[in-house]
Amino acid sequence: MEQSVVKIENLVKRYHELIALDHFNLDIKEGEVFGLLGPNGSGKTTTINCLLSLLKYDKGSIQIFGQEMKPDSYELKSQIGVVMQNVAVFDELTVYENIDYFCGLYISDKEKRKKLVEQAIQFVDLEEFRKFYPKKLSGGLLRRLNIACGIAHKPKLIIMDEPTVAVDPQSRNRILEGILELNKEGATIIYTSHYMEEVEQICSRIAIMDKGKNLAIGTAEELKKLIKKNEIINIDVYGLTEEQEREIRVLPHICDMTYSENRLKIAYSGGSHNLIRLLDFLKSSDISFGRVYTETPTLNDVFLEITGKELRDK
C-alpha cells in the first residue's frame, strides 16, 4: 500500500471573519506529482503555509511522512524543499554561493554539500552561469536558480508554487522536464500553477479547491468526466441569423453554445452523431460554413464548470 506523504484532515483556518480553509482534506501518496489548482483567494497559499507550519491553524491535523507537523519539526522540515512563486535568492551572492548557502541550511558536511551543489547546478543547467550574480540573469535563469536553491539538499517532498511564471518557453520546458526528473528520482511533488496545460502534462492527480474547500480530486481524465461537456464542436459559419441560432440551440444534447465573429462553438453533454446532425441542419437550411473541428474538454473547462471562475480571477 502506498504511503501517505501528506495527510491533511479537517483543516480549518480563520482570519477573523474570513474562513480561509473550511474543513479541508488532502491525502498525497508517495511518488505523486500532485497538482493543486484554485483561483486567487481559494486557500492554496494558506494550505501550503499551514503544511510548512508557518501558520497556526484553528482545527484539524497535518501529518508528513506519517508524523505530526509542528513548528519545531526540524527533522521533517529538512526533508522538504520549497520553491515559492517569488524568487528568494541573495543578490550579493553568485549562483554557486546562493545554492551553497541554501544547501548549507540542511547539509553541514562540506564535501557532501559540494557534490550536492554541483549536482543542482547541472540539474538546472546553470554550469556556465555559476559565477554570475542574480541581477545578471534573465527571468528564466533566475527561476532555475530559485529551483536549485530549493532542491539541492535532495528533499523527499518538494513544494513548487508557480515555478514557471513569466519565463521564456525554453526555460519553461527545462523546468517541467526537471520536475519529472526529480519525481523519477523519488521525490513527491506538490505543484501549483495557473497554466492548465502544464498541470495536465505533468500531474498524476489534481485537486481543485475554492473557498477553502476541496471541490474535486482525481486524474485529469477522471475530472473531465465530472462535467457536462464531453464534446465541443467549432465551426466557421457566415451570417447566422438569430432565428437560426435559436433553431440550433434546440438540437439534442447541446449544453452550451456561443456565436461570435462568424465562429460557432457548441458544447455537447452526450449523444452520438452530433457533428453529422449539425452539418445536416446547416446544409438543409442553406447556411454557408467553412472550417470544422472538434475538441475534447480541457482541464480549464473542468475548472470553469466546477468553480464558476477563470483561474486568474481576482
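User: Where does threonine 192 sit?

Analyst: Threonine 192 belongs to strand β8, which covers residues 188–192. Keep in mind that this is a predicted model.

User: Is threonine 192 buried or exposed?

Analyst: Buried. Its relative accessible area is 1%, and the cut-off for buried is under 20%.

User: Which residues does threonine 192 touch?

Analyst: Leaving out residues up to four places away in sequence, threonine 192 touches Leu36, Lys44, Ile48, Met160, Asp161, Glu162 and Pro163.

User: OK, zoom out. What sheet is β8 in?

Analyst: β8 is part of an open sheet of six strands. The order is β6-β7-β8-β3-β9-β10, with mixed pairing.

User: Which strands are at the edges?

Analyst: β6 (80–83) and β10 (213–218). Each of them pairs on one side only.

User: How are neighbouring strands turned against each other?

Analyst: By 15° on average, with direction ignored.

User: How many bridges join β6 to β7?

Analyst: Four. The two strands run parallel, and β7 spans residues 157–161. In this region, glycine 81 stands opposite isoleucine 158 of β7.

User: Which helices pack on the sheet?

Analyst: Helix α1, residues 44–51, packs on it and touches β3 (33–37), β7, β8 and β9 (205–210). The direction of α1 makes about 150° with that of β8. Helix α5, residues 139–151, also packs on the sheet. It touches β6 and β7, and its direction makes about 165° with that of β6.

User: Back to α1. How many of its residues are buried?

Analyst: Seven of its eight, so α1 is mostly covered. The buried ones are Lys44, Thr46, Thr47, Ile48, Asn49, Cys50 and Leu51.

User: What comes just after α1?

Analyst: Serine 53, which takes a positive phi of about 60°.

User: New topic. How many aromatic pairs are there?

Analyst: Four. One of them is phenylalanine 90 with phenylalanine 102. That pair is stacked, at 5.8 Å centre to centre, with 20° between the planes.

User: What does that pair tie together?

Analyst: Phenylalanine 90 lies in the loop between β6 and α3 (95–104), while phenylalanine 102 lies in helix α3 itself. So the pair ties together parts that are twelve residues apart in sequence.

User: And tyrosine 101? How do its ring and that of phenylalanine 102 meet?

Analyst: Edge-to-face, because their planes are at 85° and over 60 degrees counts as edge-to-face. The ring centres are 5.3 Å apart. Phe90, Tyr101 and Phe102 form one aromatic cluster.

User: Which of those three are buried and which partly exposed?

Analyst: Phenylalanine 102 is buried, at 18% relative accessibility. Phenylalanine 90 is partly exposed at 30%, and tyrosine 101 is partly exposed at 38%.

User: Last one. Where do charged ends sit over rings?

Analyst: The charged end of lysine 156 sits over the ring of phenylalanine 65, 5.7 Å from its centre. For arginine 172, the charged end sits over the ring of tyrosine 195, at 4.1 Å from the ring centre.

How values were computed. Residues are numbered from 1 along each chain as its sequence is written. This is a predicted model: local features need pLDDT of at least 70, side-chain atom pairs count only at pLDDT 80 or more; totals for chains, interfaces and linings use all residues. Side-chain values use heavy atoms; hydrogens and water are left out. Buried means under 20% relative accessible area, exposed over 50%, partly exposed in between (1.4 Å probe, protein chains only). Contact means heavy atoms within 4.5 Å. Two strands pair if DSSP finds at least two bridges between them. Axes are lines fitted to C-alpha atoms, for helices over the stretch in contact, and angles run from 0 to 180 degrees between N-to-C directions. Rings of Phe, Tyr and Trp (its six-membered ring) pair if their centres lie within 6.5 Å; planes under 30 degrees apart count as stacked, over 60 as edge-to-face and the rest as tilted. A charge sits over a ring if NZ of Lys or CZ of Arg is within 6 Å of the ring centre and within 35 degrees of the ring normal.
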